[in-house]
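Please open the structure in your viewer and keep the selection tool at hand. The stops below say what to select and what is there.

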Amino acid sequence: MKGVSIVDKEVPLEYGVARILSERPTTPFMFMNLNGYEAVGNLWSDRERISSYFHIAKNEIAKKMLHAISHPTKPTEIDRPQFLDHVKEDFDLRELPIPRLFKGDAGRYVTSAVAASEFGGKRNLSLHRLMLLDDCRFAIRLVPRHLYMMYRSSIAEGKDLPVAFCIGVCPSILLAAATSLEYNQDEMEIASSLRQSTLGEPVQVARTRSGIFVPAYSEFVLEGRITSSMVEEGPFVDITGTYDKKRMQPVVEIDRIYHAQDPVFHIVLPGSVEHYLLMGLPREPLIYRTVSQVVPAVHNVRLTEGGCCWLHGVVSITKNKEGDGINAIMAAFTGHPSMKKVTIVDKDIDVYNDQDVEWAVATRFQASRGLVVIENAAGSSLDPSSNELTSKVGMDATKPIGAEGFEKASLP
């Protein structure tokens, strides 16, 4: 990959990684010696770098993901994946390159782990932070989504939930794992469809010794069980760059470690641009879909970096009638309920250019007719300003249909 900055010196596990990554937040860094391993950070910290991986333009990512969600493709199973190069049942998790990132963190954290699990015919991929406890245990942050439901069902039957944490996987897996889907949908098939439609090949998978399907090209796979034991997890920095609170969370017991020859450990700095994009990009196609249901044409959707790619968004549309902008606001909040501010603009506005968007607000928006305020709505628990309920605001910054005087001057 072009533009990667190599760090040859040994980097301390405590705060060293975060200091380097935060200095140049969109530059990929390769750490050659992090507790004796190679590691990478800020890897997917730029939209164009992600789109280049898929050989598409950045404004095509949402459409390709939406197609993948609607047209899942089965992955291809192979017998000899790279993670089987080394299998360890005698290990110490503390020897892995798991850093402590910020001063207020409760400990050392894995931040890029894609959890693969199966229960009752349901297969799931999802991203979860893991707090290192000791030589063989983590605490996992489980939000009330699909893996949580599988875990609760398994524990209700008196069984631990088998799980494999995959570290160092491609963007197809990372983006699919962060997508909010219906319970019966398979994120691995979404990832495979995304990879097939862009790179012309499905995702390759292989089984761990306990039978869990995981991406075949994973650099590390940590296989174990989510147990009924609970422990205090946190505090830890989340996407807004503020500290998430302490909670009682399940304990994961790791049974074995797999890794490739000369593996590279992926580190996502919390509250960084890479964190924004990996968490926010998968929400954009869902906004695209809901807005498309109420207006004639949707051109682009962007969750903005200034809003942590989570709380603020911009959508460009073509109106058919007055009122379409307001309808688009309401639909956008349906597509991403965590969003608390959305701006609707015309096709001629570049949603990736903050100055262009602000210009549209300055010249085409009037609060007396284009402002929508929603009070006491469910919002994001990651927003430190909310208190269970939140207020949301939408701005219709589209020009009136047929009106003159709203066009930008251009040269012949």
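## Salt bridges

Select Arg94 and Asp92: their side chains meet in a salt bridge, with 3.0 Å from N to O. The term salt bridge stands for a side-chain nitrogen of Lys or Arg within 4 Å of a carboxyl oxygen of Asp or Glu. This is a predicted model, in which local features need pLDDT of at least 70 and side-chain atom pairs count only at pLDDT 80 or more, while totals for chains, interfaces and linings use all residues. Residues are numbered from 1 along each chain as its sequence is written, and side-chain values use heavy atoms, with hydrogens and water left out.

Arg94 is partly exposed, at a relative accessible area of 42%. Here buried means under 20% relative accessible area, exposed means over 50%, and partly exposed is what lies in between (1.4 Å probe, protein chains only).

Next, select Lys319 and Glu322, which form a salt bridge whose closest N and O atoms are 3.0 Å apart. Lys319 is buried, with a relative accessible area of 13%, whereas Glu322 is partly exposed at 46%.

Then move to Asp383 and Lys340, whose side chains also meet in a salt bridge (3.0 Å, N to O). Asp383 is in the loop between strand E22 (371-378) and strand E23 (389-396), and Lys340 is in the loop between helix H9 (324-335) and strand E21 (341-346), so the pair ties together parts that are 43 residues apart in sequence. Helices (H or I, at least four residues) and strands (E, at least two) are DSSP runs, numbered from the N terminus. Asp383 is buried, with a relative accessible area of 5%.

A network comes next: salt bridges that share partners join Arg129, Arg141, Glu233, Asp238, Asp244 and Arg247. Over the whole structure, a search finds 33 salt bridges.

## Around Arg141

Stay with Arg141, in the loop between strand E10 (137-140) and helix H4 (146-156). Its relative accessibility is 13%, so Arg141 counts as buried. What does Arg141 contact, leaving aside neighbours within four places in sequence? Select His128, Arg129, Glu233, Asp244, Arg247 and Gln249 to see these contacts; contact means heavy atoms within 4.5 Å.

Select helix H3 (residues 61-70), where Ile61, Ala62, Met65, Leu66, Ala68 and Ile69 are buried. Look down the axis of H3: the buried residues fall within an arc of 160°, so they line one face of the helix. The arc is that of the directions from the helix axis to the C-beta atoms. These buried residues pack against helix H2 (47-54), H5, H6 and helix H8 (284-292).

Helix H7 (residues 273-280) is mostly covered, with seven of its eight residues buried. Among the elements that the buried residues of H7 pack against are strand E3 (37-41), H2 and strand E19 (297-303).

## Strands

E3 and E18 run parallel and are joined by four bridges; two strands pair if DSSP finds at least two bridges between them. Val40 stands opposite His266 in E18.

Now go to strand E7 (residues 114-119), where five of six residues are buried. E7 runs antiparallel to strand E8 (residues 122-127), and six bridges join them. Glu118 stands opposite Arg123 in E8. The two strands form a hairpin with two residues between them, and Gly120 in the turn has a positive phi of about 60°. Three bridges also join E7 to strand E11 (residues 161-167), again antiparallel, and the bridge partner of Ala116 in E11 is Ala164.

For an open sheet, select E4, E12 and E13, which stand in the order E4-E12-E13 with mixed pairing. Strand E4 (76-77) and strand E13 (213-215) are at the edges, each with a single partner strand, so one side of each has no neighbour in the sheet.

## Val7

Val7 lies in strand E1 (residues 5-7) and is buried at 9% relative accessibility. Not counting residues up to four places away in sequence, Val7 touches Ile20, Phe29, Met30, Phe31 and Met32. From Val7 to Gly405 is 54 Å, C-alpha to C-alpha, and they are 398 residues apart in sequence.
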